[in-house]
Amino acid sequence: MAAPRVESISSRAIVGEGPHWDEKEQALYTVDIRGSQVRKYCPSTKKETFVQIEGATVSFVVPLKDQKGKFILGLGRSFAILTWDGVSNTPSHIEWIATVDDEDEEKAGNRLNDGKADPSGRLWAGTMGPINGPLSSIPPTASLFSLSKERKVTVHLTSIAVGNGLTWSLDHKVMYYIDSVTDKIDAFDFDVHHGKIFNRRTVFDFATNQVKGHPDGMTIDTEGMLWIACFEGNQIIRINPESGKRLKTIPIPAFKVTSLAFGGANLDELYVTTASVGMSKTELEAMPGSGCIFRVTGTGAKGFAGQAAVLEEGVRDL
Ligand code: ZN
């Protein structure tokens with residue numbers, strides 16, 4: 001098979017993240033966490049639009065099921081609903097839902113990070129501690145949360161450092177999860193009906209497998225294999241979570257590869273986000289694609305469209 005083709009399809013973000021393929025719209029949504037933007041890219045027109053959110057980091061964007069133009073966002077330490085027409089640079093409306101990590105001082109510097117809806121539409125998202133140096137120096141003050149369709153927040157894990165990649169097995173019985181600082185891909189038994197996780201174990205370790213970089217965003221393909229973005233590793237990898245073997249490595253011309261999602265009309269294209277944050281002028285000149293979104297074709301793999309979140313309308317019952 002010919003080598004996969006990797007092409008840049010966007011302008012540069014500070015921290016591009018959270019790719020979500022919207023099947024109905026045939027469009028890719030991403031965020032720029034530090035740039036506080038939600039971005040939309042339509043492959044058919046090659047057009048890129050964005051909405052600017054003031055005053056908070058934007059860590060993920062997940063469309064709400066059957067509510068066109070509405071999205072759940074991670075804004076700073078809060079979950080919020082954005083109403084956006086996909087064109088305007090300013091939001092029509094932002095509704096704040098719930099704030100996490102607000103119970104004690106040592107979590108004041110935390111923010112929400114990667115978030116995704118599980119196969120039932122329940123939203124899952126982790127927080128992360130403040131970065132003041134290398135990834136390994138981030139304190140373990142963060143947690144992993146879910147947000148039910150009744151808007152109830154549940155804490156599932158505490159004392160984590162960087163809540164990142166989330167995906168679910170084809171039979172919905174396993175949840176895969178990454179805390180980037182551990183350099184491991186972990187799995188839990190997953191109860192999709194009650195939104196519970198049990199029996200944590202490691203399925204792949206970057207250190208023992210000598211993989212360059214740290215695991216960040218993650219997705220699953222139709223064969224149940226995991227694709228992982230390697231932050232500070234210039235690459236994405238495909239692994240078998242059953243055997244713990246690395247199956248494929250694809251170089252990406254950006255140092256900080258943050259996340260990836262399948263998309264395109266046949267769900268056989270990988271959209272890969274990257275970051276440019278903290279890179280010097282010389283480093284950016286050497287890797288001008290840093291911060292751009294890349295489309296990878298010819299991998300031989302197919303995946304799934306993004307899962308929309310289910311959230312009931314109305315006022316939260318306090
Ligand atoms: Zn991430």
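Predicted model: local features only at pLDDT ≥ 70, side-chain atom pairs only at ≥ 80, totals over all residues.
Trainee: Are Asn164 and Asp216 buried or exposed?

Mentor: Both Asn164 and Asp216 are buried.

Trainee: Switching to cysteines, how many disulfides does a search of the whole structure find?

Mentor: Zero disulfides turn up. For Cys230, the nearest cysteine sulfur is that of Cys292, 19 Å away. Cys292 is in no disulfide either, and its nearest cysteine sulfur, that of Cys42, is 18 Å away.

Trainee: Fine, but is Cys230 buried or exposed?

Mentor: Cys230 is buried, with a relative accessible area of 0%. Cys292 counts as buried too, at 7% relative accessibility.

Trainee: On to the strands. What is the order of the open sheet of four strands?

Mentor: The order is S2-S3-S4-S5, and the pairing is antiparallel. Strand S2 (16-22) and strand S5 (47-52) are the edge strands, each pairing on one side only. From one strand to the next, the twist averages 20°.

Trainee: How many bridges do S2 and strand S3 pair over?

Mentor: S2 and strand S3, residues 27-32, pair over five bridges in the antiparallel sense. Within that pairing, Trp21 has Leu28 of S3 as its bridge partner.

Trainee: What about strand S12 and strand S13, in which sense do they pair?

Mentor: Antiparallel: strand S12 (residues 142-147) and strand S13 (residues 153-160) pair over five bridges. Leu147 has Val153 as its bridge partner in S13.

Trainee: And how many residues sit between the strands in the hairpin of S12 and S13?

Mentor: Five residues lie between the strands, and in this hairpin Arg151 takes a positive phi near 70°.

Trainee: Last topic, the rings. How many aromatic pairs does the structure hold?

Mentor: The structure holds ten aromatic pairs. One of them is Trp124 with Phe190, an edge-to-face pair at 5.8 Å centre to centre with 65° between the planes. Trp124 is in strand S11 (residues 123-128) and Phe190 in strand S16 (residues 184-191), so the pair links distant parts of the chain, 66 residues apart.

Trainee: Are those two, Trp124 and Phe190, buried or exposed?

Mentor: Both Trp124 and Phe190 are buried.

Trainee: Why is the pair of Trp227 and Phe262 edge-to-face?

Mentor: The planes of Trp227 and Phe262 are at 85°, so the pair is edge-to-face, with the ring centres 6.1 Å apart. Trp227 sits in strand S19 (residues 226-231) and Phe262 in strand S22 (residues 256-263), another link between distant parts of the chain, 35 residues apart. Trp227 and Phe262 are both buried.

Trainee: Which residues form one aromatic cluster?

Mentor: Tyr29, Phe71 and Trp84 form one aromatic cluster.

Notes. Residues numbered from 1 in each chain as written. Heavy atoms only, no water. Buried < 20%, exposed > 50% of the residue type's maximum accessible area, 1.4 Å probe, protein only. Disulfide = S-S within 2.5 Å. Pairing = 2+ DSSP bridges. Helix = DSSP H or I, 4+ residues; strand = E, 2+ residues; numbered from the N terminus. Axes fitted to C-alpha atoms, helices over the stretch in contact; angles between N-to-C directions. Phe/Tyr/Trp six-rings, centres within 6.5 Å; stacked < 30°, edge-to-face > 60°.
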